[in-house]
Amino acid sequence: MCAYVLVAEDDVKQAELVRRYLEREGHSVLVVHDGRAAIDEARGREPDLVVLDVMMPKADGLDVCRVIRAESDVPVLMLTARATEDDLLLGLDLGADDYVTKPYSPRELMARVRTLLRRARRSRDPEETLKVGDLLVDPARHLVSVAGGPVDCTPAEFRILETLAAQPERVFTRAQLLEEVHGFDRFITRRTVDVHMLNLRKKIEPDPRRPTRILTVYGVGYKLTDGSG
């Protein structure tokens, strides 16, 4: 699964370590050391994956992620030494697909890279549209609509909704949804899924305070219904 990977990391030694491991896996790698260069390179030749440090000069990783996500669905893997829950959730809300906190194992990083590339490749394969009531999820075109109106979802929100819509009425635990979204066992709290669900309810529920589509099954997890009940 060879890919073109853009690595944005201001620590030269760390960037070269990431480059070496990616190249061992057969990937083509371009390294930049500031946020402005990362934006320019992502626009010039769209990569298959962006590995993005949070703390960088000229534009930090969160700003870079915001710009990339506004223009592209390319997978974004963020690297950060700031491991607080709020930092993690902010990155995910901006559209990052995964997060790795420093210091990290290069083997773990490569596992995350493989997971994201597999998912990106799978999302490009034609798949049937999923329909649950008047909610439509189109994996092939990465589109969501409710009653004919478009719904803008982050990549993580889309994967959760796609997972739920593929098996309506099935109850998924938070752990199962985290595995689907993030792929690799990681330090992450249950609140991450709850935040995604809160955001999705704001987007697809007539009244997010009284959800009829995404239902909480207390003590277990979540399920998707057709909204009729």
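This is a predicted model: local features need pLDDT of at least 70, side-chain atom pairs count only at pLDDT 80 or more; totals for chains, interfaces and linings use all residues.
Residues are numbered from 1 along each chain as its sequence is written, and side-chain values use heavy atoms, leaving out hydrogens and water. Local features need pLDDT of at least 70 and side-chain atom pairs count only at pLDDT 80 or more, while totals for chains, interfaces and linings use all residues.

**Overview. The protein has 8 helices and 12 strands.** Helices (H or I, at least four residues) and strands (E, at least two) are DSSP runs, numbered from the N terminus. Of its 229 residues, 49% are buried; buried means under 20% relative accessible area, exposed over 50%, and partly exposed in between (1.4 Å probe, protein chains only).

**View 1. Arginine 36 pairs with aspartate 40 in a salt bridge.** A salt bridge puts a side-chain nitrogen of Lys or Arg within 4 Å of a carboxyl oxygen of Asp or Glu, and here the closest N and O atoms are 3.3 Å apart. The two residues sit 4 positions apart in helix 2 (residues 35-44), so about one helical turn separates them.

**View 2. Aspartate 63 and arginine 66 form a salt bridge at 2.6 Å, N to O.** Both belong to helix 3 (residues 61-71), 3 residues apart. Aspartate 63 is partly exposed at 36% relative accessibility, and arginine 66 is partly exposed at 42%.

**View 3. A salt bridge joins arginine 174 and aspartate 194 (2.9 Å, N to O).** This pair links distant parts of the chain, with arginine 174 in helix 7 (residues 174-182) and aspartate 194 in helix 8 (residues 191-204). Arginine 174 is buried at 14%, whereas aspartate 194 is partly exposed at 26%.
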